[in-house]
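Q: I have a structure to get to know. Can you walk me through it?

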Amino acid sequence: MLQLKHTHQFQFAGYYAALEKGYYREAGLDVQLLEGHGGLEPEKAVLSGKAQYGVGDSGLLLSRLSGKPLVALAVVFQHSPYALAMRQEGPGNDIRRIAGKRVMIGSLQDAQPQIDELMAYLKKEGVNTSDIVRLEHSFDPNDLIVGRTDAMAVFVTNEPDYLDRAGFPYEIFSPRSAGIDFYGDNLFTSEQELNANPERVKAFRAASMRGWQYAMSHQEEIADLILNKYSRRHDRLHLLYEARQMVPLVQPVLVEIGYMNPERWQHIADIYAEQGMLPKGASFDGFLYNMESGANLVWLYRVLGAAATLLVLGAGVHFTLLARERSRTDEAIRKGEQRFRTMFEAAPMGIALIDSVSGQFRDVNPRFLEIAGRTPMEMKASRWMDISHPDDVAPEQDKMAQLNAQQITGFKLTKRMLRPDGGVVWVDASINAIETESHPHHLCMIEDVTEKRKPKP
């Protein structure tokens, strides 16, 4: 059993794909997906034995350090989708105006209601959480629209679509703007399951991540699958909206889905410690799943240390292991590059790697070329300013200056692009800084929204 966090939607696309494409079956697993209703339901289900696996946010770390035997198996969202939405009230884009307001931010029933990163965000921005009036979260964007609440915790992949459709003027406040960059939608299990069924855990993780790779490369197919077999609560346009918004958060082109960086988890622990939610220096040993057990090597080195007569043999074994590990590493790099290129070329949205200093295009996928109406040679001979509408250049330059100064890690905007034939295409663009060995680069992902911008008859 896999306990989801919420009701069926594209947020769990990889698990539907793993089930329907037969990946679980090929791994010898009979898997059932359980809908959730928010809060700590996945943790409770896994700890009680109702489910063997669950989907949770980075609050799993708090649970682990409170004594709950949970183990993080994989990260799906490299950046958390949690944010706060408020009615737009003029040019003052300041989260501190939330003080004194009614806010739907997590369940009032759970002691740890999966809102820790948002609470940490408010505290870091100087908002005393006792100064907000917390309401029970309805998960209904209409409550924000009609004024039953002044602010609401949202997923940036989901609720903004409802607000846009209603024509509601809103602002989104993300913890990432304050340097709080958590993981989201982490696959996890219990120590009991891991100890009792290590091979099953390994197979379940592998099949799930295989499903996620497929789902992010076949978004329209999986949207149709959800509608036909799982739920019609959301229409197809909404499911595809959610899928597109997930791309910069999951980052399937840049990062192998499931990858967990211990240093990122340490960053999360440090943020919790800064906010008084964890003791400083708390150890989370055993929290992160290790796919390749090192037990055999540890045993080998202990034997070699105790038996000097085996040093020569031990050295031979050691170098054999090093050569084997190097070969495995080279193969992993090769497969990673192949995966990157395949997803880059087949991605349903436009993707471009751009030199942040010169503005020149370094690599562009077919969909980006199609939207821009240019050939690969024309694109690589251009700078991003050359294909932008003159009225949209200045705002983007301001954001790029912040990006290059490392004041922000990314931003989104709607802009106009100019085609060589004089045509204008509106795009929703998501720009994120990426690490390179030289000077700064950024990844730009665009979606053509020209049809949405046309006035309705």
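Predicted model: local features only at pLDDT ≥ 70, side-chain atom pairs only at ≥ 80, totals over all residues.

Q: How many residues are in the largest nonpolar core?
A: It has 63 residues. A nonpolar core is a set of buried Ala, Val, Leu, Ile, Met, Phe, Trp, Tyr and Cys residues joined through side-chain atoms within 4.5 Å. Buried means under 20% relative accessible area, exposed means over 50%, and partly exposed is in between (1.4 Å probe, protein chains only).

Q: Which helix gives this core its largest share?
A: Helix α9, residues 198–217, supplies nine residues. Helices are DSSP runs (H or I, at least four residues), numbered from the N terminus.

Q: Which residues have the most contacts inside that core?
A: They are L2, F10, Y15, L187, W212 and I222. A contact means heavy atoms within 4.5 Å.

Q: What does W212 touch?
A: W212 touches F10, Q11, F12, A13, G14, Y15, V76, M246 and I257. That leaves out residues up to four places away in sequence.

Q: What about the second core?
A: That core is separate and has 39 residues, including L84, I95, F173 and W265.

Q: Why would such residues gather?
A: In soluble globular proteins, nonpolar side chains tend to be buried together.

Q: New topic. How many salt bridges are there?
A: The structure holds 24. A salt bridge is a side-chain nitrogen of Lys or Arg within 4 Å of a carboxyl oxygen of Asp or Glu.

Q: How far apart are the closest N and O atoms of D161 and R165?
A: They are 3.2 Å apart in this salt bridge. The two residues sit four apart in helix α7 (residues 159–165), so about one helical turn separates them.

Q: Is D161 buried or exposed?
A: D161 is buried, at 8% relative accessibility. R165 is partly exposed, at 45%.

Q: What does D224 pair with?
A: D224 forms a salt bridge with R236, with the closest N and O atoms 2.6 Å apart. This pair links distant parts of the chain, 12 residues apart: D224 is in helix α10 (residues 219–230) and R236 in helix α11 (residues 236–250). D224 is partly exposed at 29%, and R236 is partly exposed at 30%.

Q: And E370, what is its partner?
A: E370 bridges to R367, the closest N and O atoms being 3.1 Å apart. Both lie in helix α15 (residues 366–372), three residues apart, about one turn of the helix. E370 is exposed at 52%, while R367 is partly exposed at 24%.

Q: Which residues join into one network through shared partners?
A: D161, R165 and D235 do, through their salt bridges.

Q: Last one. Where is S217?
A: S217 is in helix α9. S217 is partly exposed, at 24%. A polar atom of its side chain lies 3.1 Å from the backbone oxygen of Q213. S217 and F344 are 127 residues apart in sequence, yet 9.3 Å apart in space, C-alpha to C-alpha.

Notes: Residues numbered from 1 in each chain as written. Heavy atoms only, no water. Polar contact = N/O pair within 3.5 Å; in protein donor to acceptor, adjacent residues only side chain to side chain.
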